[in-house]
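User: I would like to go through this structure slowly, asking at each step what a term rests on. Could you answer by setting the value beside the rule?

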Amino acid sequence: MKRIYIAIFFLAVSIGLCVFEQYTVKVTYENATEYIDTAISQLDSKDYDGIEKSCTSLSNYWDKMYPYLTAMSEHDMLDEASITINSLCDMSKNKSDELENELITAKNQIKSIYDNQRITFGNIF
Amino acid sequence: MSVNFIRALIIYVFVIIAVRLMGKRQVGELKPHELVITILLSAIAVIPLEENSMPLANCLVPIMLFISMEILTSVISMKSLWFRNLLQGKPIFIIRKGKLDQKKLKEMRFTIDDVVDALRQKDIFDISEVEDAVIETNGSISVLPKAEYKPLTPNDVSISVKEKGMPITIVMDGKTVNEYFNEYKIKDSEIKLVLQTVDRDVEKIMLLTIDDDGNTYLINKENV
């Protein structure tokens, strides 16, 4: 009987981790994308203070979520996104011309992580 | 390197727990699904050790899932004969009443060499001595020799014999053993009493056993 309880516990932990992973990745993707979209729209309206604020918020948010994501996603992809996101702060301070491209790259990298973790037919098979 | 060390340690502990939870079976006694789980476990455990960029959870979650499924399917197997047959298959006669079933052999993809080989491992060198032979669900062959070739037992010649019982280990490798088979406790006073009968220091004894009749068997330690 003890083993059945352990089996049920393991099963519950496994399913719980999977649910947590799906939730965390989705929420991180949505929030991070929102920060990036805000920064892009601020860039169009030349609001450089707003861009810097958005990039700092994105960087802080990413740093907060990073430990959870590393426990569930491939580290290589996360590291690439981290480098891009962290460079955004400096680029926004310097008002770099490459900022828009870098913002789009960061968005794509985060989307790629999200797409890679989602439960889809393609990912399963 | 240090990350690998810690990851290896975690995986080692986890795999040992997993194997212990699966129960005590030797490799040769594994049912097909148990063998598959064992192979999968070892394969999954290796991946995060080779690939540092992979999260450990990607290895631990499948292991937890396999173990839970293994335990749950074994519980269902105990309750349902249909499920047990589905999961493990059924034992199949290849020799029935002394006759070799060639059709079954072909179905099982067993050659006559395999059968003769398996019989030899059961100390039967002449196939004509076999009454029944069964391929068990784990792939091993069980054999029932014909009555005239069976070893003679006391029952066959109507001799009454006394049960000897299994000897209990009292001292092993210079140390007293306070319990056996994790079930029965042996009192210190009982151990002392047995030691008095053999008149030896515990440290100088390699093995000391006692049976139901109080007969002791002693192997002294040698200075090797």
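Analyst: Let us begin with one residue of chain B: leaving aside its neighbours within four places in sequence, B:Pro154 is in contact with B:Ile159 and B:Val161. Please keep in mind throughout that this is a predicted model.

User: Where does B:Pro154 lie, and why is B:Pro154 called partly exposed?

Analyst: B:Pro154 lies in the loop between β4 and β5 of chain B. Its relative accessibility is 36%, and since buried means under 20% and exposed means over 50%, a value in between is called partly exposed.

User: What makes B:Ser158 count as exposed, and where is its place?

Analyst: B:Ser158 has a relative accessibility of 67%, and the term exposed asks for over 50%, so B:Ser158 counts as exposed. Its place is in the loop between β4 (141-145) and β5 of chain B.

User: What is the phi of B:Ser158?

Analyst: The phi of B:Ser158 is positive, about 55°, although B:Ser158 is not a glycine. As background, most residues other than glycine have a negative phi.

User: What is B:Ile168 in contact with, leaving aside its neighbours within four places in sequence?

Analyst: B:Ile168, found in strand β5 (residues 168-172) of chain B, is in contact with B:Tyr180, B:Ile186, B:Leu208, B:Thr209 and B:Ile210 once those neighbours are left aside.

User: Turning to chain A, why is A:Thr24 called buried?

Analyst: The relative accessibility of A:Thr24 is 3%, and buried means under 20%, so A:Thr24 counts as buried. A:Thr24 is found in helix α1 of chain A, and, not counting residues up to four places away in sequence, A:Thr24 touches A:Met65, A:Tyr68, A:Leu69 and A:Met72. The side chain of A:Thr24 also reaches the backbone oxygen of A:Phe20 at 2.5 Å.

User: How many aromatic pairs does the structure hold, and why is the pair of A:Phe9 and A:Phe10 called tilted?

Analyst: Over all chains, the structure holds six aromatic pairs. A:Phe9 and A:Phe10 are 6.2 Å apart, centre to centre, with 40° between the planes. Centres within 6.5 Å make a pair, and because an angle under 30 degrees would be stacked and one over 60 edge-to-face, the rest are tilted.

User: What makes the pair of A:Phe10 and B:Phe14 stacked?

Analyst: A:Phe10 and B:Phe14 have 25° between the planes and lie 6.3 Å apart, centre to centre; planes under 30 degrees apart count as stacked, provided the centres lie within 6.5 Å. A:Phe10 lies in helix α1 (residues 2-44) of chain A and B:Phe14 in helix α1 (residues 2-22) of chain B, so the pair joins two chains. Both A:Phe10 and B:Phe14 are buried, and A:Phe9, A:Phe10 and B:Phe14 form one aromatic cluster.

User: How do you know that the charged end of B:Arg96 sits over the ring of B:Phe93?

Analyst: The charged end of B:Arg96 is 4.1 Å from the centre of the B:Phe93 ring, and the rule asks for a distance within 6 Å, together with a position within 35 degrees of the ring normal.

User: How many residues are in contact between chain B and chain A, and what area is buried between them?

Analyst: 19 residues of chain B are in contact with 17 residues of chain A, and the buried area is about 1500 Å², of which carbon and sulfur atoms give 75%. B:Leu21, B:Ser53 and B:Met64 supply 34% of the area that chain B buries against chain A, more than any other three residues. Across this interface the rule finds zero salt bridges, but three residue pairs in polar contact.

Conventions. Residues numbered from 1 in each chain as written. Chains lettered and ligands numbered in written order. Predicted model: local features only at pLDDT ≥ 70, side-chain atom pairs only at ≥ 80, totals over all residues. Heavy atoms only, no water. Helix = DSSP H or I, 4+ residues; strand = E, 2+ residues; numbered from the N terminus. Buried < 20%, exposed > 50% of the residue type's maximum accessible area, 1.4 Å probe, protein only. Contact = heavy atoms within 4.5 Å. Buried area = accessible area lost by both parts, 1.4 Å probe. Salt bridge = Lys/Arg side-chain N within 4 Å of Asp/Glu carboxyl O. Polar contact = N/O pair within 3.5 Å; in protein donor to acceptor, adjacent residues only side chain to side chain.
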